[in-house]
Amino acid sequence: MWDSIQDFFRDLAERDAAWNFIYIYDNKELERVLDGMWVTLELAVVCVVCSVVIGLVGAWLQGARSRIVRSVVQGYIQFFRNTPPLVQLMFFYFALGQFTPTFSPDGYLQQPIISNIGWAIISLSFFAGAFNVEIFRAGIEAVPQSTQEAAESLGMSRFQAYVYVVLPLAFRVSLPSLNNNLVNLVKTTTQALAIAVPELLYQLVSIYNDYSTAQNACMVLMFVVYITLVGFLVFGMNRWERRMVIPGYGGGGG
Amino acid sequence: MTDAANGNWTPDRPIVSLNDVHKSFGDLEVLKGISFDVMKGEVICIIGPSGSGKSTLIRCVNALNPIDSGSITVEGQEVNDPKLNKLELRKKVGMVFQQYNLFPHKTALENVMMAPVLVLKEDKGSVEARARALIRKVRLDGKEDSFPGELSGGQQQRVAIARSLAMQPDVMLFDEVTAALDPETVKEVLVTIKDLAQEGMTCMLVTHEMGFAREIADHIYFTDRGVIVEHGPPATFFDEAKDPRTQEFLGQIL
């Protein structure tokens, strides 16, 4: 079955040079594409999780008593929200990357402790995290002060009230905007190309640089993969939103 | 009854004692020297026109609002002490709010169970048995699994009472608990409070229900512009009010 599909595309490439799906019939190129997809998926999942954690912690710190803590969070948000993610990626990798310690696995070559994938994860997570802080803050502010007072009057600490009462309610308010931001984050992972992270876009660009006839086929794959990836994310988030609906409370999700 | 945490308090001394309590919000002085004592098992009602500081007063008793000067003690423990362990205070003092303030993402049963499990670290099984008994006590059998949004105002308020009682407090504070209810459901909430009072629970109520106050209170306090204008047992208070401000207020209401 797979052989005949490969044969079909090999014939197609010979008949029409504009449609060279080389990554289907050439196993070496296929491997590059699969590797790229894997890195993209890895980058997307890790960044989504880290950015949500950053958002939750940041939103918690925004309510801190210390003015210094609050200004640090505010400074972080302004820095990451007001600069392009591409610039952040390059700044982190090329500028900060110069100052990180190196290690030598083979005793010969020196390698930086944080790889380019590491920098991509750090920079993209902080980028999306800055937006998540604001998204969660909006949700937290939508929880009435009186609900928190009730938790407090029952003896809960500020942390317990945050985790068990405020967050579950704030989350429901935040989910639609969070959904948006995470979709954006997954799409922004393609910019890791700029620091040579071997994700899908990087691999496809390399392929059509090697085989110029494969350009159209590579473009098609790029769209299909990202539509599918983001589609799964949106599907999951929407289902989650519906599952979180509380009977008799709010209108979210219908 | 005596334990190290609350000094040498014994039930023959006031369970709640206010002494020259002052409280301002900005330039507005809401409480201008309030003093009174509540004995164990006593039911007191605080009445007065809107903005006279009734709610602030009752909120100060469980430290939801800090006071500026004077002293409030609960079972001999100073509420205004900056070193106060608020958890110890809130185990002793239960509070019910005008807007019920139930946790909308938890069922009625979960609302009642939450604080004992989280705050008192009690065993879930025994808390559940107690919570179910409390829900029966407030006459809501069968509503255990309903969410607050699926209950009427009166039902929600009774869940809120059960939630407070689950912490097994020694004093209950009621802050205009029927003010947000429609006339038909007011009664069911009042009956619940009356049951409690008859069982010997120490209750402090802020209320506009004069008939109810007259029926259940041992003592009535009338506040106006931050001071106690007049107080006395219901019979004397309602029928032989001496102060012109009290007379005017009662004249408008009764």
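Two residues are said to be in contact if their C-beta atoms, placed from the backbone, lie within 7 Å. The structure looked at here is a predicted model, in which local features need pLDDT of at least 70, side-chain atom pairs count only at pLDDT 80 or more, and totals for chains, interfaces and linings use all residues. Residues are numbered from 1 along each chain as its sequence is written, while chains are lettered from A and ligands numbered from 1 in the order in which they are written.

Chain A comes first. Its 254 residues hold 10 helices and two strands, with helices (H or I, at least four residues) and strands (E, at least two) taken as DSSP runs and numbered from the N terminus. Along the sequence the order is α-α-α-α-α-β-β-α-α-α-α-α. The radius of gyration of chain A is 23 Å, well over the 18 Å from the globule rule for 254 residues, so chain A is more spread out than a compact globule. That radius is taken over C-alpha atoms, and the rule is 2.2 Å times the number of residues to the power 0.38. Along the principal axes, the C-alpha trace of chain A spans about 75 × 50 × 30 Å. Of the contacts in chain A with a separation of 6 or more, 69% link residues 24 or more positions apart. Buried residues make up 34% of the chain; a residue is buried if 20 or more other C-beta atoms lie within 10 Å of its own, exposed if 12 or fewer, and partly exposed in between.

Then there is the meeting of the two chains. Here 20 residues of chain B are in contact with 18 residues of chain A. On the chain B side, α2 (86-92) and α3 (108-118) each supply at least two residues. By class, that side has 12 nonpolar, five polar and three charged residues, where Ala, Val, Leu, Ile, Met, Phe, Trp, Tyr, Cys and Pro count as nonpolar, Asp, Glu, Lys and Arg as charged, and the others, Gly among them, as polar.

As for the inside, the largest nonpolar core has 133 residues. Such a core is a set of buried Ala, Val, Leu, Ile, Met, Phe, Trp, Tyr and Cys residues joined through C-beta atoms within 7 Å. Helix α6 (residues 116-141) of chain A gives the largest share, 12 residues. The residues with the most contacts inside the core are B:Val61, B:Val112 and B:Met204. Beyond its neighbours within four places in sequence, B:Val112 touches several residues, including B:Val159, B:Ala162 and B:Arg163.

End to end, α5(B) reaches 18 Å from its first C-alpha to its last, close to the 18 Å expected, that is, 1.5 Å times one less than its number of residues.

Most residues other than glycine have a negative phi. B:Gln168, though, has a positive phi near 50° and sits in the loop between α5 (153-165) and β7 (171-175). B:Gln168 counts as partly exposed because it has 13 C-beta neighbours inside 10 Å. B:Arg225 likewise has a positive phi, of about 50°, in the turn of the β9(B)-β10(B) hairpin, with two residues between the strands. With 15 C-beta neighbours inside 10 Å, B:Arg225 counts as partly exposed. The two strands run antiparallel and are joined by five bridges, and B:Phe222 has B:Glu230 in β10(B) as its bridge partner.

Note on methods
Two strands pair if DSSP finds at least two bridges between them.
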